[in-house]
2 protein chains.
Amino acid sequence: MNSALRRPKLEIWFEFGSNYSYPSVHRLGDLARARGIDVHWEPFLLGPIFKSLGWDTSPFVLQEAKGRYMWRDMERQCEKYGIPWRRPTTFPRRALLPMRVAVLGKDAPWIEDFSKTMMSLNFAEDKDIDSVEVVAAVLTELGLDSASLIEQAQAPENKEKLKVQTSRAQELGIFGGPTFVTRGELFWGNDRLEEALEWATR
Amino acid sequence: MNSALRRPKLEIWFEFGSNYSYPSVHRLGDLARARGIDVHWEPFLLGPIFKSLGWDTSPFVLQEAKGRYMWRDMERQCEKYGIPWRRPTTFPRRALLPMRVAVLGKDAPWIEDFSKTMMSLNFAEDKDIDSVEVVAAVLTELGLDSASLIEQAQAPENKEKLKVQTSRAQELGIFGGPTFVTRGELFWGNDRLEEALEWATR
């Protein structure tokens, strides 16, 4: 039996438009490596999940007081974790192209760096992360063939793959991002990352 | 200047029907005393706040996946904090009478013990906490004149006081329970209790 099969596993279900996914995507890799946990990166779209609840946008937009609280909380959380923060001028920001790239590369060695960069561009640099130029520049910076990857990302079979990921998320009972899945348990929210890691190795 | 005026203060806005208020109401007193923080107990009703968002019950009932997650999360959280847990057969449980008693006694020395007991009766013993018998028994157990307190709790001016508390909560930007308020900052959820305590003494 391959020893990798016995290593603890943890899935992170995330979305580049999801603000609380931002600190988790940045924190997870190092925390998991320190504990010998294999991370599975699972991109999915929140939009269809919100739609299935009858919402046409984020609950942070629909519920004004909750939204106001969240923006202040994000400032405090990013200060706590020592990660840069700038409130995006567009929220929730459309991120379909980079999400398609993420689903294409979910098992590739570059998925972590790509995801961290995309999240930072949205929540620390206020960039339009759904543009071909931005995504291409990030892939090139990572030493990848950006033109080829963007083409593959937009192919029908890969578009379908992101839809299937989103359906899988719903089947798992996921209703928001980030969500961690390990050993049959769901942990919702950046606040639960440490508990999820602990559960993975329990 | 009285030294009490210079002691750090922290408000807990809570509701006996609110599941995440349960661990916070149990944890807060000892944590605050250890840090020399004065706790202000602020009962309010979640129902009118949910109604103002167009909801006729708890979001944990309205959103099935979120509700399912929450029940499992409560089990895990109560295990983590070492507090008893039994899923109530009625949720959200009406708690108008004990909430009126709480608002009547919010500055009394018995508010902490009364609140802890009420929360445990709901979330560990699955009792109908809105009944006169249950509330009277708890007050008597605390060495109080239950008949007189229940009468005062149901007087028009005290009913009004609970409504005013709920309006104050909304003015503060509170949208869920528990919420901690200290030095002009809001902290929402049992997960944020430690950060709120830290902020209070910062």
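The buried residues of helix H8 (residues 132-141) of chain B are Val134(B), Val135(B), Ala136(B), Val138(B) and Leu139(B), where buried means under 20% relative accessible area with a 1.4 Å probe, protein chains only. Their cover includes helices H6 (96-104), H7 (111-123) and H9 (146-153) of chain B; helices are DSSP runs of H or I with at least four residues, strands runs of E with at least two, numbered from the N terminus. The model is predicted: local features need pLDDT of at least 70 and side-chain atom pairs pLDDT 80 or more, whereas totals for chains, interfaces and linings use all residues. Residues are numbered from 1 along each chain as its sequence is written, chains are lettered from A and ligands numbered from 1 in the order written, and side-chain values use heavy atoms, without hydrogens and water.

Chains B and A contribute 25 residues each to their contact, defined as heavy atoms within 4.5 Å. Twelve salt bridges cross the interface, each a side-chain nitrogen of Lys or Arg within 4 Å of a carboxyl oxygen of Asp or Glu. One of them joins Arg76(B) to Glu185(A), with the closest N and O atoms 2.6 Å apart. On the side of chain B that touches chain A, two or more residues come from each of helix H5 (64-81), strand S4 (185-188) and helix H11 (193-200) of chain B. H5(B) supplies the largest share, ten residues.

In chain A, Thr182(A) lies in strand S3 (residues 179-182) and is buried, at 1% relative accessibility. The side chain of Thr182(A) reaches the backbone oxygen of Lys9(A) at 2.7 Å.

Definitions and conventions: Buried < 20%, exposed > 50% of the residue type's maximum accessible area, 1.4 Å probe, protein only. Polar contact = N/O pair within 3.5 Å; in protein donor to acceptor, adjacent residues only side chain to side chain.
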